[in-house]
Each structure stands twice: as structure tokens, then as C-alpha cells.
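Hi,

Here is the structure I said I would pass on. Have a look at it first, and then read on for what turned up.

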Amino acid sequence: MEIGAKTGRVTILDVAAAAGVSKSTVSRILDERLPASDSESARKVRQVAEQLGYVRDVSAASLRRGQTMTIGVIVPRLTDTVMAMLYEAVARACDRTGRIALVATTEDRVENELRAAESLLQRGVDGLVLATARDEDDLPDVLTKRGVPFVLALRTDGKSLSSVGDDRLGGYLATRHLLDLGHRRIGIIAGPDYASSARGRRNGYVGALTEHGVDVDPELIVESTFSIDAGTDAALLLMRLASPPTAIFAVNDNTAIGAMSALINLGLGVPKDVSLVGYNDIPIVGCLPTPLTTLRVPFDQIASTALDLLVTGRSRPREPIQMVAPTLIPRRSTAARDATAV
């Protein structure tokens with residue numbers, strides 16, 4: 001067969017005939033879900049496919065496997081930069097495996113989760129990635145009973161397949177950083193207790209203080225939501241204490257931004273009067289007038305692991321909760337205690 005002589009849609013049979021190999025060999029070599037081979041035969045098949053203008057029919061392949069090659073992602077809200085970053089990371093992971101990610105939001109309300117899940121399942125998704133897990137959430141049990149494949153991301157219920165950051169380690173690293181700078185009165189804007197991510201970071205905070213022989217003062221622990229406004233309110237509460245903190249650890253960057261705003265409005269300098277640490281390393285925090293020290297979360301790794309767990313994890317004997325370590329990113333919002341004395 002002469003390369004380029006084919007008219008109409010090029011099929012696997014055309015590529016196989018031109019390359020002198022079987023249909024199954026072409027299918028295996030051109031399957032983007034499998035590791036790419038660098039053999040002479042594989043290179044020839046890919047070259048022939050490119051010359052013929054072959055385009056893989058994803059929909060037909062999916063129908064043969066009984067799949068749609070789409071993954072549903074449920075997040076509290078896309079206006080939360082962290083959740084938007086997670087969704088984009090899942091979408092990139094899906095793209096690398098020939099899949100598409102669809103998203104639904106819940107406004108961070110438990111009662112909206114089942115509706116969001118049903119909306120995605122009605123569109124034929126092959127499984128769900130949930131970033132909405134909380135203590136009172138029964139959606140994982142509902143999906144398990146219905147046999148719907150799912151995986152939790154960023155937050156975990158402690159039993160379902162989950163891909164999360166090591167939040168306790170992150171909380172420990174943030175607090176240890178402040179302790180190493182000489183701070184002992186360290187407040188924490190602790191986030192909501194229903195989220196495993198917030199609880200883990202708070203546990204890391206407590207662990208670092210205890211390890212250094214610093215008493216854990218309950219009045220320095222302020223529960224909050226993950227919003228900017230909540231960070232503002234929590235920082236105001238902390239700074240009105242009879243003995244206010246010299247440093248604050250906010251368990252996410254939104255609350256850290258709110259805290260920074262509150263401190264500035266009180267006439268306090270960051271880090272001159274109060275050092276401040278956030279969490280997640282969303283893009284804006286490195287561009288603030290005082291760039292924020294924070295913990296960088298590897299969203300792409302979390303997303304890739306979540307997709308792997310969703311697609312193959314239920315048939316593998318492995319730990320249900322996969323954790324990846326965050327990285328401390330020191331910036332100008334933290335300084336040694338001696339330099340912050342009022």
C-alpha cells in the first residue's frame with residue numbers, strides 16, 4: 001500500500017497493512033494508556049500512523065471497553081483557588097491518559113453532594129474524584145453500596161481510597177519553622193474541624209509545640225472556615241488577646257491573606273510585629289507586597305495518584321490512603337523573634 005494513497009478515515013487496519021504488522025500490535029502501540037515502547041517496530045508503526053494521518057477513535061475504543069473515558073470531579077467551589085488548582089491537575093492527569101474531566105460543585109454543602117454526584121453519573125462518567133469529604137459525609141458509603149468507583153482527594157474519611165497531602169507533616173513544618181525563628185506564642189487559624197486536612201495541620205502544630213516543650217494554649221487555637229473573611233476575623237480575635245501571638249500559622253492561604261489584611265489594618269507589620277505562615281502556595285501569595293511563607297502542596301502528584309487509584313487501585317493490594325509530602329517555602333512574611341519585638 002502506498003503511504004498517503006488512502007482516502008477517507010484511516011483505520012487501525014490501514015496502519016497495520018502499511019506497517020506490515022497485526023491489528024493488535026498497532027492497537028497496543030498506539031494505546032496512550034500504556035507505556036510507550038521504543039522498539040523499532042513501535043517507531044515504524046507510529047511513523048506510518050502519522051504519515052497516514054491516523055487519529056485514534058477514542059469513543060469507539062471506549063464503547064468496546066464499556067467506558068466513556070470521562071472522570072467526574074466534585075469540589076466545594078471553583079472560586080476557591082485550591083479547588084480550582086486540584087481540578088486543573090486532575091484534568092491534566094486525565095488528558096495524559098486520553099480521558100476528560102468534568103466538574104460539579106456543592107457550595108461546600110453536604111446536602112448538595114449527592115445531587116452533584118448524580119449529575120455527573122447521569123453523564124456516564126467512569127468514576128468520581130471527591131474533594132468534599134467531611135466527618136458527617138455519607139456520600140462515600142452511598143457510592144460504595146451502589147458500586148460506583150470513587151476516590152477522595154485532598155481530604156480523607158480515613159477508610160476510602162484517598163490521595164492527600166501529608167497534612168500533619170505540613171502543620172509540623174510550619175510550626176517548627178516559627179519555633180526555629182524563636183517564636184513561642186504561636187497562634188493558629190485552624191480551619192474547620194470537619195475537614196481532615198485542617199485537623200491534620202492542627203495536629204502537626206500541636207506536635208511541634210509539644211516536641212519543643214511549649215505549652216499548647218487553647219486560646220491561641222481559633223477554628224474557622226477556609227475563607228479570606230474567616231482569616232480576618234480569626235486574626236482579630238488572636239490579636240485582641242491579653243497576650244497576643246508573635247506569629248500566626250493559618251492552615252490555608254486564603255485565611256492567611258485575610259489575617260495579613262487584619263494585621264495591616266491594626267497597624268501591625270508583617271513580619272516586623274507578627275510573622276505569618278500560610279498553606280498550599282496558591283499563585284498569588286508569592287506576589288503579595290509581603291510574599292507569604294507557606295507550604296507548597298504537590299497538586300499534580302495528588303491528582304495523578306487519585307486517578308491511578310480510581311482506575312486501578314481497587315484491584316491492587318495497597319494502602320487505601322496515599323500521602324505526598326508538602327514543602328516549606330520560606331518568604332518574607334516570617335522573621336526571627338528578636339527582629340519582631342515591638
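Let's start with Ser163, which is buried, with a relative accessible area of 1%. Do keep in mind that this is a predicted model. Ser163 sits in strand 5, which covers residues 162-165. What does Ser163 touch, once its neighbours within four places in sequence are set aside? One group of its contacts is Val151, Leu152, Ala153 and Leu154, and the others are Gln301, Ile302, Thr305, Ala306, Leu309 and Gln322.

Next, the aromatic side chains. The count of aromatic pairs comes to 1. Where do Phe249 and Tyr279 lie? Phe249 is in strand 8 (residues 247-250), while Tyr279 belongs to the loop between strand 9 (275-277) and strand 10 (294-296), so the pair ties together parts that are 30 residues apart in sequence. As for burial, both Phe249 and Tyr279 are buried.

Now for the helix packing. Two packed helices are described by the angle between their axes and the distance between the axes.

Take helix 10 (residues 228-239) and helix 11 (residues 253-265): they pack at an angle of about 50°, and their axes are 6 Å apart. That angle makes helix 10 oblique to helix 11. The crossing of these two, helix 10 and helix 11, is right-handed. On the helix 10 side, the contact is made by Ile228, Gly231, Thr232, Ala235, Leu236 and Met239; helix 11 brings Asn254, Thr255, Ile257, Gly258, Ala259, Ala262 and Leu263. Sorted by type, the residues of this contact between helix 10 and helix 11 are 8 nonpolar and 5 polar, with no charged ones.

Then there are helix 1 (residues 12-19) and helix 2 (residues 23-30), which pack at an angle of about 105° with their axes 8 Å apart. Ile12, Leu13, Val15 and Ala16 from helix 1 meet Lys23, Val26 and Ser27 from helix 2. The residues in this contact of helix 1 with helix 2 split into 5 nonpolar, 1 polar and 1 charged.

That's what I have for now.

Cheers

Methods: Residues numbered from 1 in each chain as written. Predicted model: local features only at pLDDT ≥ 70, side-chain atom pairs only at ≥ 80, totals over all residues. Heavy atoms only, no water. Axes fitted to C-alpha atoms, helices over the stretch in contact; angles between N-to-C directions. Helix = DSSP H or I, 4+ residues; strand = E, 2+ residues; numbered from the N terminus. Parallel < 35°, antiparallel > 145°, perpendicular 65-115°, else oblique. Left-handed = near helix turned anticlockwise from the far one by under 90°. Contact = heavy atoms within 4.5 Å. Nonpolar A, V, L, I, M, F, W, Y, C, P; charged D, E, K, R; others polar. Phe/Tyr/Trp six-rings, centres within 6.5 Å; stacked < 30°, edge-to-face > 60°. Buried < 20%, exposed > 50% of the residue type's maximum accessible area, 1.4 Å probe, protein only.
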